[in-house]
Amino acid sequence: MKKNGENFLDIIPVKLHLDCKRQGGNIHLVFTHTSFLQRTLRWMTKKSDTSTLELDGLGSLVWENIDGKNTIYEIINILLETEEDTYESMQQRVFMFIRILKNRKIIAFK
């Protein structure tokens with residue numbers, strides 16, 4: 001798959017958000033809401049200043065393999081060693097997940 005003349009499989013994702021913890025076998029990304037508006041809204045709704053995003057099993061495996069060295073192609077192949085799936089299906093799932101992380105500014109591309 002090409003994106004702006006570059007093969008998407010050759011892109012190296014890099015984590016921008018580093019606050020995470022493993023809990024119950026899955027990765028939980030922890031977000032601290034620090035802006036005045038966020039803190040005010042969370043205070044009004046009596047919510048904590050932090051929130052978590054729990055990744056499922058596949059998301060956790062992808063997250064663990066985003067190390068600033070592995071390309072998306074390499075991540076897909078690593079996942080295929082542990083998950084029973086076709087290459088095309090795994091590629092679609094990983095592409096979608098990577099795009100969501102990129103759009104939310106949780107990761108960037110090298």
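## Two crossing helices

Let's start with a convention: an angle of 65 to 115 degrees between two axes counts as roughly perpendicular. In this predicted model, the axes of α2 and α4 cross at roughly 70° and come within 11 Å. The two helices, α2 and α4, are therefore roughly perpendicular to each other.

Which residues make up this meeting of helices? From α2 come Leu 58, Gly 59, Val 62 and Trp 63, and on the α4 side they meet Met 90, Arg 93, Val 94, Phe 97, Ile 98 and Leu 101. Sorted by class, the contact of α2 with α4 has 8 nonpolar residues, along with 1 polar and 1 charged.

## A closer look at Phe 97

Phe 97 has its place in helix α4. Is this residue buried or exposed? With a relative accessible area of 17%, Phe 97 is buried, since the cut-off for that label is under 20%.

Setting aside neighbours within four places in sequence, Phe 97 is in contact with Leu 55, Gly 59 and Val 62.

## The nonpolar core

The largest nonpolar core has 22 residues. Val 62, Trp 63, Ile 72, Val 94 and Ile 98 are the ones with the most contacts inside this core. Two or more residues each are supplied by β5 (26-32), α2 (57-65), α3 (72-82) and α4 (87-103). Which element gives the most? That is α4, with 6 residues.

Leaving aside its neighbours within four places in sequence, Val 94 is in contact with Val 62, Ile 72, Ile 76 and Leu 79.

## The sheet and its helix

Now for the strands. The order β4-β5-β6 describes an open sheet of 3 strands with antiparallel pairing. Why do β4 and β6 each have a side without a neighbour in the sheet? Both β4 (20-23) and β6 (50-54) stand at the edges with a single partner strand each, so one side of each is left without a neighbour there. From one strand to the next, the twist averages 30°.

The antiparallel pairing of β4 with β5 runs over 4 bridges, and Gln 23 has Asn 26 in β5 as its bridge partner.

Conventions: Residues numbered from 1 in each chain as written. Predicted model: local features only at pLDDT ≥ 70, side-chain atom pairs only at ≥ 80, totals over all residues. Heavy atoms only, no water. Core = buried A, V, L, I, M, F, W, Y, C linked by side-chain atoms within 4.5 Å. Buried < 20%, exposed > 50% of the residue type's maximum accessible area, 1.4 Å probe, protein only. Contact = heavy atoms within 4.5 Å. Pairing = 2+ DSSP bridges. Axes fitted to C-alpha atoms, helices over the stretch in contact; angles between N-to-C directions. Parallel < 35°, antiparallel > 145°, perpendicular 65-115°, else oblique. Nonpolar A, V, L, I, M, F, W, Y, C, P; charged D, E, K, R; others polar.
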